[in-house]
Amino acid sequence: MPCELSFDWRPGELPHGASPYKEDLLSVEFRSPHATTYRIQAFWAAGNTLRVRFAPLEAGAWTYRVTSAID
């Protein structure tokens, strides 16, 4: 099943001068059951929201790790 994760930030949490639609502010690494890792960059979804969409390529339990420049 496809997966969509949404991340909202509050005023003052973005790095000074950062643009949510121009810069890599957040990414998610998805790790498959066979240890293959896919890094997906979030995209700006309007307002104060970033989103990541991912469709697993194999069945089983996946893990994920979020990395962000947002405080």
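Buried here means under 20% relative accessible area, exposed means over 50%, and partly exposed is anything in between, with a 1.4 Å probe and protein chains only.

Some ground rules. This is a predicted model, where local features need pLDDT of at least 70, side-chain atom pairs count only at pLDDT 80 or more, and totals for chains, interfaces and linings use all residues. Residues are numbered from 1 along each chain as its sequence is written, and side-chain values use heavy atoms, with hydrogens and water left out.

Now the aromatics. How many aromatic pairs does a search of the whole structure find? Five. Rings of Phe, Tyr and Trp (its six-membered ring) pair if their centres lie within 6.5 Å; planes under 30 degrees apart are stacked, over 60 edge-to-face, the rest tilted.

Take phenylalanine 30 and tyrosine 64. Their pair is tilted, at 6.2 Å centre to centre and 40° between the planes. Phenylalanine 30 sits in strand E2 (residues 26-31) and tyrosine 64 in strand E6 (residues 63-68), so the pair ties together parts 34 residues apart in sequence. Strands (E, at least two residues) are DSSP runs, numbered from the N terminus. Phenylalanine 30 is buried, at 4% relative accessibility. Tyrosine 64 is exposed, at 53%.

Next, tyrosine 38 and phenylalanine 54. Centres are 5.8 Å apart and planes at 40°, so this pair is tilted. Tyrosine 38 belongs to strand E3 (residues 37-41) and phenylalanine 54 to strand E5 (residues 49-54), so parts 16 residues apart in sequence are tied together. Tyrosine 38 is partly exposed, at 26%. Phenylalanine 54 is buried, at 10%.

To finish, ring pairs link Phe30, Tyr38, Phe54, Trp62 and Tyr64 into a cluster.

Conventions: Helix = DSSP H or I, 4+ residues; strand = E, 2+ residues; numbered from the N terminus.
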